[in-house]
Structure formats: C-alpha cells, structure tokens
Amino acid sequence: MRRLLVGNKLYSSWSLRPWILMRTLGIPFEETLVALHRPESAARIAEWSPAGRVPVLVDDDVTVWDTLAITEHLAETTAAPVWPKGREARALARSIVAEMHAGFSRLREALPMNLGKSFAYRERPEAAADIARVQELVLDARRRFGDGGPFLFGAFTAADAFYAPVMSRFWTYSVPLEPEVAAYRDAVLALPAFGEWREAALDEPWVLDFDEVEDEPLEVHRRVPVVV
C-alpha cells in the first residue's frame, strides 16, 4: 500500500498536488499528516525522508519525495491517466507543470495558500506578472486541448493537480480572472477531492504566521480554535 506524508492542509500547496492527483484518479493510498513547524515536525519527517520536506510517497520499498518526482513515479507505476493522451498534449502538460514547479515565487510570496480565510481583492503589483502568466498558460492549454472536459486537457491530469493550489489562491484573494480562467478555477475547486481536502483543512488548529497576510479577512472559514 502506498503511503503519502503531507503537511498542513490549510497551507501546504506542495502536499495538495500529489494528494489531489491520487485521490481524483483513484490511486489508492494511506495518508499521514505532519503539522509543520512544530517542535516534533522535523524528527517525524526525517523518519520518512532525509530531505526534511513534504510531501513524501512511500510505495512499498521505494521512497519518493518532491511533487514532480512523485508524479512521474505514479505515471510509471500505475495505469492511471496521470498525463494527457497525445504526444503534443503531454509535452505541453509537462512543460506547464515544470514551469509551475520551478517558478511563480512572487505569486507564492504575495498570495500564500490559505484555505481558512477569504479576502477582498487588492492590487499586488509584485505578483501581477505571475498572475498574468498563469492565466496565459491556462488559456493556451484549454483552447488547444480542453475539448471534452472542464480541465486543462479536458480530463483531469497532473497538470490540474499542479495548478489547483494556485486556483485556490485566486479564490482566497478574490483575484479577478479572465472568464475562461474563472470557469477553470471553479471546476478545480468543485472537485470532490478538493472539497475533501478543504473540509479537513478547516478543522486544523495550527497557524503558520508566515502564511498569514496582514489584510483584514472578509471571512474566516476555519471551525476550531487556533494554536500558534
């Protein structure tokens, strides 16, 4: 049985990627959650991987860390449609996944993933170029390969798993989007797997201060007292 180690569901965008991929594609796994930046966190993660980061996948006698490595391992070892059909579509999917994996640091810093709150829109000039580029990538994939479904390549693939955390950020911070991109965001957030992740996130008590922006929230969604 595969076991996936993840961090706080409220904040951990990197953990969401393989989790939503496996859950949506029906790849069975058991989950272990480690609350990050607690006194015991480093030791618990070190039991799984010396890299000291989540997510980590243990697949029998194989340990894989890093979201992109986990994705490729699943594509190699399961029959699930991790990547889209067609050589051209797969090339684009891998390219936009790699771009998301390696880039968009200004967007991440200005709009940290936070499923526990929602905020009114305000301009964040430092993230504007990244936001525009994400929209460009979504529109390109949808217009070229989106027939047959609401996702980047029609059916759900790894590309959508990698873009899901950013779509959640756009919702959290009320980022205005092109209509086609907004429709894509809504399709991702309507996934049963995303709803399951978010429901669990709202019951987490832990707060990570560096993932909390100073803006006054429109609404606080989490359901339990917080623990700093």
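**Salt bridges and sheet**

The side chains of Arg144 and Asp140 meet in a salt bridge, with 3.2 Å from N to O; the term denotes a side-chain nitrogen of Lys or Arg within 4 Å of a carboxyl oxygen of Asp or Glu. The model is predicted: local features need pLDDT of at least 70, side-chain atom pairs count only at pLDDT 80 or more, and totals for chains, interfaces and linings use all residues. Residues are numbered from 1 along each chain as its sequence is written, and side-chain values use heavy atoms, with hydrogens and water left out.

**Charged pairs**

- Arg144 and Asp140 lie 4 residues apart in helix H6 (residues 128-145), so about one helical turn separates them; helices (H or I, at least four residues) and strands (E, at least two) are DSSP runs, numbered from the N terminus.
- Glu88 joins Asp140 and Arg144 in a network of salt bridges.
- The structure holds 16 salt bridges, including that of Asp59 with Arg2, whose closest N and O atoms are 3.5 Å apart.
- Asp59 belongs to strand E3 and Arg2 to strand E1, so this pair ties together parts 57 residues apart in sequence.

**Sheet**

- An open sheet of 4 strands has the order E2-E1-E3-E4 with mixed pairing; two strands pair if DSSP finds at least two bridges between them.
- Strands E2 (30-33) and E4 (62-65) stand at the edges with a single partner strand each, so one side of each lacks a neighbour in the sheet.
- Strand E1 (residues 2-6) pairs with E2 in the parallel sense over 4 bridges, and Glu30 in E2 is the bridge partner of Arg3.
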